[in-house]
Amino acid sequence: DMIIKQGVYDGNFIHSRFAYEQFRKEVSPYGNIVAFRAPMYVKDALIDLEDTLSNDFIQSQDSINFCWEIPGLCPFGAVSFQRLLNTAIANILSGYIGKGIMVDGDDLMVQDEFVGTDDKVRSSGKVSVSITYSKENVALGHTGINIVAGSKAPPFAYSSNLTDTQAEEFMANVIDYFNAEVKDQFIATTKISV
C-alpha cells in the first residue's frame with residue numbers, strides 16, 4: 001500500500017532511495033510515492049541550506065507527509081516536478097478546506113486570517129514544508145501538510161484541521177494524481193517522432 005505507517009517524520013526518510021524498500025517488485029519505473037500521517041520534527045537531518053544557516057527547524061504536531069522518488073531527474077527537473085506536485089496538492093487541499101491557496105515557490109500559503117503561535121493575526125499562513133534534491137540521477141522529495149501545526153511550530157504555520165476521513169481521502173487523491181501524472185509524463189516522452 002502507498003499509505004504507510006511511520007512514527008515521526010525527521011527528514012531521514014528521503015536521505016536515500018526508499019521505493020524498493022517499500023514496494024519491492026511493485027516499484028514503478030516512472031516514479032513512486034508514499035504518504036503517511038505523523039508528527040514532523042526535522043532538526044538534525046535538515047538538507048535546506050537556508051534553514052540550516054538561519055538555525056531553523058521544522059515542527060508540526062500532526063501532519064500528512066508525501067515522500068516521492070523519480071528516476072532520471074536532474075536537480076532542475078526535481079524542483080520543477082516539486083512545484084508541479086505542490087500546485088496539484090494545493091488545488092486538492094483547497095477543495096477540502098474551502099480556502100484559497102497561493103503557491104509561492106514551493107510553499108503553500110492558505111489565504112485565511114488566523115492567529116499564529118506568537119499571538120499575531122496573519123492574513124495567510126504556510127500550511128506546508130517541502131524539499132527536493134537530486135542524487136545519482138534520482139530525485140527525492142518531501143512535502144508535508146500541517147493538520148495541526150501545534151504550539152511548537154513557527155508562528156506563520158497554518159493548520160488545515162482536516163478530519164481523519166478527509167486526511168485519508170486527501171492522501172489517496174494526491175497519490176492518485178502523482179501516479180497518473182508521472183505515467184502520463186513518461187508516455188509523453190515516448191511519442192516524439194523526430
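Residues count as buried under 20% relative accessible area, as exposed over 50%, and as partly exposed in between. The views below show a predicted model.

Figure 1. Arg 37 forms a salt bridge with Asp 62, the closest N and O atoms being 2.6 Å apart. Because Arg 37 belongs to strand S1 and Asp 62 to strand S2, this pair ties together parts that are 25 residues apart in sequence. A further salt bridge links Arg 37 to Asp 164, with 2.9 Å between the closest N and O atoms. Here distant parts of the chain are joined, with Asp 164 in helix H4 and Arg 37 in strand S1, 127 residues apart. Asp 164 is exposed, at 54% relative accessibility. Through shared partners, the salt bridges join Arg 37, Asp 62 and Asp 164 into one network.

Figure 2. Asp 62 lies in strand S2 and, at 16% relative accessibility, counts as buried. The side chains of Asp 62 and Arg 37 are joined by a polar contact of 2.6 Å. Not counting residues up to four places away in sequence, Asp 62 touches Arg 37, Ala 38, Pro 39, Ile 145, Asn 146, Ile 147 and Val 148. Of the 14 residues of S2, 11 are buried, so this strand is largely enclosed by the rest of the structure.

**Figure 3. The salt bridge between Arg 17 and Glu 69.** The structure holds six salt bridges; in one of them, the side chains of Arg 17 and Glu 69 meet at 2.9 Å, N to O. Arg 17 lies in the segment before helix H1 (19–23) and Glu 69 in strand S2, so the pair ties together parts that are 52 residues apart in sequence. Arg 17 is exposed, with a relative accessible area of 51%, whereas Glu 69 is buried, with a relative accessible area of 3%.

Figure 4. The strands follow the order S1-S2-S9-S8 and pair in the antiparallel sense. Strand S1 (32–42) and S8 stand at the edges with a single partner strand each, so one side of each is left without a neighbour in the sheet. On average, neighbouring strands of this sheet are turned by 20 degrees against each other, direction ignored. H3 packs on the sheet and touches S2, S8 and S9; the direction of H3 makes about 155 degrees with that of S8. H4 also packs on the sheet, where it touches S1, S2 and S9, and its direction makes about 135 degrees with that of S1.

**Figure 5. Strand pairing on both sides of S2.** S1 and S2 run antiparallel and are joined by 10 bridges. In this pairing, Ala 35 stands opposite Phe 66 in S2. The antiparallel pairing of S2 and S9 likewise extends over 10 bridges. Cys 67 stands opposite His 142 in S9, and Ile 70 stands opposite Ala 139 in S9.

**Figure 6. Helix H3 and its buried residues.** Helix H3 (residues 75–97) has 23 residues, which at 1.5 Å a residue should span 33 Å; the end C-alpha atoms are 32 Å apart, in agreement with that expectation. The buried residues of H3 include Phe 81, Leu 85, Ile 89, Leu 93 and Tyr 96. Residues three or four places apart in an α-helix point the same way, because there are 3.6 residues a turn. The buried residues of H3 pack against strands S2 (58–71), S3 (101–104), S4 (107–110), S8 (128–135) and S9 (138–148), and against helix H4 (164–190). Just after H3, Gly 98 takes a positive phi of about 65 degrees.

**Figure 7. The hairpin of strands S3 and S4.** S3 and S4 pair in the antiparallel sense over four bridges. Met 102 has Met 109 in S4 as its bridge partner. Two residues separate the strands of this hairpin, and Gly 105 in the turn has a positive phi of about 65 degrees.

**Figure 8. Lys 120 in a loop.** Lys 120 is found in the loop between strand S5 (114–115) and strand S6 (121–122). With a relative accessibility of 53%, Lys 120 counts as exposed. Leaving aside neighbours within four places in sequence, Lys 120 is in contact with Phe 114 and Val 115. The C-alpha atoms of Lys 120 and Ser 160 are separated by 18 Å, the two residues being 40 residues apart along the chain.

Definitions and conventions: Residues are numbered from 1 along each chain as its sequence is written. This is a predicted model: local features need pLDDT of at least 70, side-chain atom pairs count only at pLDDT 80 or more; totals for chains, interfaces and linings use all residues. Side-chain values use heavy atoms; hydrogens and water are left out. The expected span of a helix is 1.5 Å times one less than its number of residues. Buried means under 20% relative accessible area, exposed over 50%, partly exposed in between (1.4 Å probe, protein chains only). Contact means heavy atoms within 4.5 Å. Two strands pair if DSSP finds at least two bridges between them. Axes are lines fitted to C-alpha atoms, for helices over the stretch in contact, and angles run from 0 to 180 degrees between N-to-C directions. A polar contact is a pair of N or O atoms within 3.5 Å; within protein, one must be able to donate a hydrogen and the other to accept it, and residues adjacent in sequence count only if both atoms are side-chain atoms. A salt bridge is a side-chain nitrogen of Lys or Arg within 4 Å of a carboxyl oxygen of Asp or Glu.
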